Amino acid sequence: MYTFVFLWTPALSPNDEEIPHGFIFATFMLASMLGSSLASRLMARSSPRVESYMQIVFVISSASLLLPIITNFLVPPSKEKGGSISFAGCLQLLGFCTFEACVGIFWPSIMKMRSQYIPEEARSTIMNFFRIPLNIFVCIVLYNVNAFPITVMFGMCSIFLFVASILQRRLMAISDKPKMENWTAMKERDPEAEPLND
């Protein structure tokens, strides 16, 4: 997300097109708000679990950040400088709004998972340990932003989001394991027992 904040403007106006920055930013915030609203509705229900739907959110985020790469290869770039937003820019804007909606789903969902998995007395310390490498990574990327093509930057972000979806699946499997062990033990004592539900 931090890398995206610095990349969306050059992605939408590679030839110095006149793009409405304020309108686009407001659209991103609207998409993020809609994502947060959707997250509150999802978390209010017992099914699907946060660990389950976050896998899908990460995959959709990964796919939406692939759009600048896809449009770079499939849509011929405009040769003229200036002008308004191009067709490729419109496609990317749609993908970026999708990404922002996923960001809106991410924040409330990650807060719920933090409260489930990280003990409250150690939560701030643990989270600060993770912020150190994150901030170092963001600084390295931003310092070298001109050294890499924009497609490489979006490709890296997309790969990291896809890895996050795999790790999210692993977290779900780990969190389900104790429930299944408890259910197996209960089933041995009572053959008519039903599986435990969240």
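View 1. V5 sits in helix α1. The model is predicted. Together with M1, Y2, F6, W107, M111 and L134, V5 makes a nonpolar surface patch of about 630 Å². Helix α1, residues 2-12, and helix α5 each contribute at least two residues to the patch. The largest contribution is that of α1, with 3 residues.

**View 2. The chain as a whole.** The chain contains 7 helices and 0 strands. Read from the N terminus, the order of elements is α-α-α-α-α-α-α. Of the 198 residues in the chain, 35% are buried.

**View 3. D16 in the loop between α1 and α2.** D16 is located in the loop that runs between α1 and α2. The phi angle of D16 is positive, about 60 degrees, although D16 is not a glycine. D16 counts as exposed because its relative accessibility is 52%, and the exposed class begins over 50%.

View 4. For L34 and C102, the C-alpha separation is 9.3 Å and the sequence separation is 68 residues. T27 has 22% relative accessibility and so counts as partly exposed. L34 has a relative accessible area of 52% and is therefore exposed.

**View 5. The cis peptide bond between S47 and P48.** S47 and P48 are joined by a cis peptide bond, with omega about 5 degrees. P48 belongs to the loop between α2 and α3. R49 is in that loop too, between α2 and α3.

**View 6. The salt bridges of R49.** How many salt bridges does a search of the whole structure find? The search returns 2. In one, R49 pairs with E51, and the closest N and O atoms are 3.4 Å apart. Both E51 and R49 are buried. In the other, R49 pairs with D176, and the closest N and O atoms are 2.5 Å apart. This second pair connects distant parts of the chain: D176 is in helix α7 (residues 150-189), R49 is in the loop between α2 and α3, and the two are 127 residues apart. D176 has a relative accessibility of 25% and therefore counts as partly exposed. R49 has a relative accessible area of 17% and so is buried, the cut-off for that class being under 20%. Through shared partners, the salt bridges link R49, E51 and D176 into one network.

**View 7. Helix α3 and its buried residues.** Helix α3 spans residues 50-64 and has 15 residues. The distance from its first C-alpha to its last is 21 Å, close to the 21 Å expected at 1.5 Å a residue. The buried residues of α3 are V50, E51, Y53, M54, Q55, V57, F58, S61, S62 and S64. An α-helix has 3.6 residues a turn, so residues three or four places apart point the same way. E51, one of the buried residues of α3, is also the partner of R49 in a salt bridge.

**View 8. The bend in helix α5.** Helix α5 has 31 residues, 87-117, and reaches 44 Å between its first and last C-alpha atoms, close to the 45 Å expected at 1.5 Å a residue. Where does α5 bend, and by about how many degrees? The bend is at F106 and comes to about 25 degrees. A proline, P108, follows within four residues.

View 9. The unreviewed UniProt entry carries the annotation "transmembrane region" for residues 20-40, 52-73, 85-107, 128-144 and 150-167. In the model, residues 20-40 are 95% helix and 0% strand, and the C-alpha atoms at the ends of this span lie 31 Å apart. Residues 150-167 are 100% helix and 0% strand, with 26 Å between the end C-alpha atoms.

Methods
Residues are numbered from 1 along each chain as its sequence is written. This is a predicted model: local features need pLDDT of at least 70, side-chain atom pairs count only at pLDDT 80 or more; totals for chains, interfaces and linings use all residues. Side-chain values use heavy atoms; hydrogens and water are left out. The expected span of a helix is 1.5 Å times one less than its number of residues. Buried means under 20% relative accessible area, exposed over 50%, partly exposed in between (1.4 Å probe, protein chains only). The bend at a residue is the angle between axes fitted to the seven residues ending there and the seven starting there. UniProt positions are given in the numbering used here, feature names are shortened, and annotations may be inferred rather than shown by experiment. Patches are made of residues with over 30% relative accessible area and no salt bridge: like charges are joined within 9 Å, nonpolar side chains (Val, Leu, Ile, Met, Phe, Trp, Tyr) within 5 Å. Accessible areas come from the Shrake-Rupley method with a 1.4 Å probe; for residues, only the protein chains shown count as cover. A salt bridge is a side-chain nitrogen of Lys or Arg within 4 Å of a carboxyl oxygen of Asp or Glu.
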